[in-house]
Amino acid sequence: MDYYSNISFTVMTVIAFIAIAMFLYGMFTNIKKWSLGSTGYGLEPSNGSIIVFIKTLITQIRKEGHGQPFLTTFVLDILLQRRILRRSPLRWFMHITIFVGWMALFVFSLMMFAVEIIEMIGISLPHALHPEVLRDTMSLPNDVFSYILLVGIIIAIVRRLFISDVRENTIAYDSVFLGGLTIITITGFISDGIRNGGFWGFGIVDSTAPPAALFHVVISLLFCLAYIPYSKYMHMIAAPLALLANKGGE
Amino acid sequence: MAKRTPSINTNNLTAVQLMEIDACTRCGECLNWCPTYDAQDQPAGLAPRDKIKRWKSYMDRSYGLRAKLFGPRPVSDNEMQEFSDDLYYCTTCGVCGTVCEAGINTVELWESIRANLVKRGNGPYGKQNMFPKLIKEYHNPYMKDQKDRLLWIPNGIEIAEKADVVYFAGCTAGFNQQVLGVCTARVMNKLEVPFMLLGEEEWCCSSALVRTGQPHIDDVPRLAAIHNVEALEATGASTVMFACAGCFRVATIDWPRLIGRKPKFNVVHIADLLADYIKQGKIKWEGSLNNQTITYHDPCHLGRHCGVYETPRIVLDNLPGAKFVEMDRIREEQRCCGAGGGVKAGIPDLAVGISSTRIKDAQDVNADILASTCPFCRRNLGDGRDSVYGITGTDFDLRDNPENEMQVEDMIVLVAELMGLSTKIKSQMEEE
Ligand code: SF4
Ligand code: SF4
Ligand code: SF4
């Protein structure tokens, strides 16, 4: 009944590591690319060592003057996304549901993955943290955040379909992003539905549960992690950094 | 086959700016605010978002993963030139940065990419390429002799030998819209604030060079910054006062960066000083606006770039007989007049197109007077007013305003008038 162990755990682990490796390599290439810039306005470009970016970012974040404190930016502008709220409450609602849903599910999956690995290694965990028990405990929050994510995605799709401005300005780059999100969410619902025979299982036989779950996990890992540095998902990392570097922005 | 080299380099961009290019979420908010995108009927190429996307694609084609594995993919000369031209269709007003949900510092980004494009041979745009030569040779963009820096001063104005304040008049007030220099000086005299002038030692602040991506050419802005800061410090004054938003921005933001330290004096805008005097009840008014409606256009270089929003409003709201109203799009969300970023010199039609929209904002609130605190806004809003009202010809400074048309004026001229001071410049006085 537990989430992962029905699908081959080895396969899962291998895929997870491949995804992490792809993510790290992609991040490395991006940071290398950014490091081709200079360390300050009007200075010569640097040699491209990844230290350059990290140093420049830290220096800029720490520089005094114009702008708000680090913590204000972190809480109000990154976590609560105040800048979007100021502009459009609807877009803020869409963004915050996707953000919160995504982050929560990501953290839940990490938790599950961690307890399963710990169990596998043979370390005994307190009862509440046994994979099966934890899975049951998390089932409700899992559902809640999945629906939150789904609401955000539906708003995003509807905006793109029905608001002409948004539709006309959508390019493949945006569609791949939204498409990926949609597939992850829907496969999550379906694999869960098959497993517990609920609505989202669409009556698919139980025996398909493990491969369905595997499919969901693989594509989540690929989209949620591996694909980030190579795509529009990169803004999930770069935008918060930009906000920090510019002390909350103008 | 020879190995292809990347079509672009990263000259003038900082590592953090290169990251900011990847931070754009493509939310499209900037499209709702950009004045040039709006004035040109919203062509995709002028959208700030699109400019970021294109530079990102050039970066990726040159340095991305694929470029690493299979070699860089070229960007054609045409594509590059088109991008460069689009990037100069921008007043560097910065509203795109204000509304950007990713907090991208767009103005710095545009200026840095412009400098990169200038080095590459694509920028600047149109007549803007004259700036470095003129400013280097004449120390002002109007090809005037430095010896004539103080020619604008009419009889009766007192310039102190030694004082705590230096008035940095700037090239435009000194040579081109002298009424601003004259009114500033008269108001200061009347308020008994002694001030010095740098005269020949005042060099162009070089704002136009920084804004148009030409700061590196012969190092003019840096040398000018060093010269001006040293000359100002040598006076021993503790305060340097500006009545021009462009110079004020340079002194506040660019000088410290260009010389690598904070100057030893305070930088203030005349609006700050006047607001202070008003609060202390030290201004004696001698006229009235007779219940005319007045509204205020925030110059982007004073407001959004430097955060001075309140003091000009205090001044205007306190003008006797003034009915002060606010327009749509003010303060940090202000709509640019269209003159900045080299647009007035490089693409004058675009500048007037944008300012006409601003005039309509003022018409919407039935303003009789549209006031600002920047010579460039004053000039360009005046041109916009003329275009909207179908007025042609004659020098802006010398033309009378027919009664039924909106008056576009600088705050300092209104203040001088209402303090009972003459707003006549030297040539007008001599004619009489
Ligand atoms: S700085 Fe102003 S003119 Fe330039 S792209 Fe941004 S909004 Fe448009
Ligand atoms: S507002 Fe900022 S994040 Fe949004 S599209 Fe424009 S540049 Fe990109
Ligand atoms: S002239 Fe005035 S509004 Fe226009 S760009 Fe300059 S500061 Fe901005």
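Mentor: A pocket here is an open set of grid points where a 1.4 Å probe fits, with protein on both sides within 12 Å along at least five of seven lines. The model is predicted.

Trainee: How much space lies in the second largest pocket?

Mentor: The volume is the space filled by probe spheres set on the points. For the second largest pocket it comes to about 1,200 Å³.

Trainee: Which residues are the closest to the centre of that second largest pocket?

Mentor: The lining holds 47 residues. Those closest to the centre come from chains A and B. They are A:His95, A:His235, B:Thr25, B:Cys27 and B:Glu101.

Trainee: Which helix gives the most to the lining of the second largest pocket?

Mentor: Several helices of chain A each supply at least two residues, among them H3 (70–79), H6 (131–162) and H10 (235–245). Helix H5 (89–121) is also one of them. With eight residues, the top contributor is H5(A).

Trainee: What pattern does chain A follow along the sequence?

Mentor: Chain A has ten helices and zero strands. Its C-alpha atoms fill a box of roughly 65 × 50 × 30 Å along the principal axes. Read along the sequence, the pattern is α-α-α-α-α-α-α-α-α-α.

Trainee: What area do chain B and chain A bury between them?

Mentor: Contact involves 41 residues of chain B and 40 residues of chain A. In chain B, B:Met19, B:Arg26 and B:Glu101 lose the most area to chain A, together 17% of what that side buries. Carbon and sulfur atoms carry 56% of the buried area. The total is about 3,600 Å².

Trainee: How many salt bridges are there between chain B and chain A?

Mentor: Side chains of opposite charge can pair when their charged atoms come close. A:Lys33 and B:Asp60 make one such bridge, with closest N and O atoms 2.8 Å apart. Over all chains the count is 31. Between chain B and chain A it is five.

Trainee: Which residue of chain A forms a salt bridge with B:Glu29?

Mentor: The closest N and O atoms of this pair are 3.1 Å apart.

Trainee: What area is buried between domain 2 and domain 3 of chain B?

Mentor: Domain 2 spans 127–275 and domain 3 spans 284–431. Their C-alpha centres lie 21 Å apart. On each side, 37 residues are in contact with the other domain. The buried area is about 3,100 Å², with 70% of it from carbon and sulfur atoms.

Trainee: Which residue meets B:Glu286 in a salt bridge?

Mentor: The rule finds one salt bridge across the interface of domain 2 and domain 3 of chain B. The N to O distance between the B:Glu286 side chain and its partner is 3.2 Å. The partner is B:Lys190.

Trainee: Where is B:Pro124?

Mentor: A cis peptide bond joins B:Gly123 and B:Pro124, with omega about -10°. B:Pro124 lies in the loop between helix H7 (106–120) and helix H8 (131–138) of chain B.

Trainee: What is the phi of B:Asn291?

Mentor: B:Asn291 is in the loop between helix H14 (270–279) and strand S5 (292–296) of chain B. It is not a glycine, although its phi is positive. The value is about 65°.

How values were computed: Residues are numbered from 1 along each chain as its sequence is written. Chains are lettered from A and ligands numbered from 1 in the order in which they are written. This is a predicted model: local features need pLDDT of at least 70, side-chain atom pairs count only at pLDDT 80 or more; totals for chains, interfaces and linings use all residues. Side-chain values use heavy atoms; hydrogens and water are left out. On a 1 Å grid over the protein atoms alone, a cavity is a set of points where a 1.4 Å probe fits but cannot get out, and a pocket is an open set with protein on both sides within 12 Å along at least five of seven lines; lining residues have an atom within 4 Å of a point. Helices (H or I, at least four residues) and strands (E, at least two) are DSSP runs, numbered from the N terminus. Domain bounds come from an automatic or database domain assignment. Contact means heavy atoms within 4.5 Å. Buried area is the accessible area (1.4 Å probe) that two parts lose on being put together, summed over both. A salt bridge is a side-chain nitrogen of Lys or Arg within 4 Å of a carboxyl oxygen of Asp or Glu.
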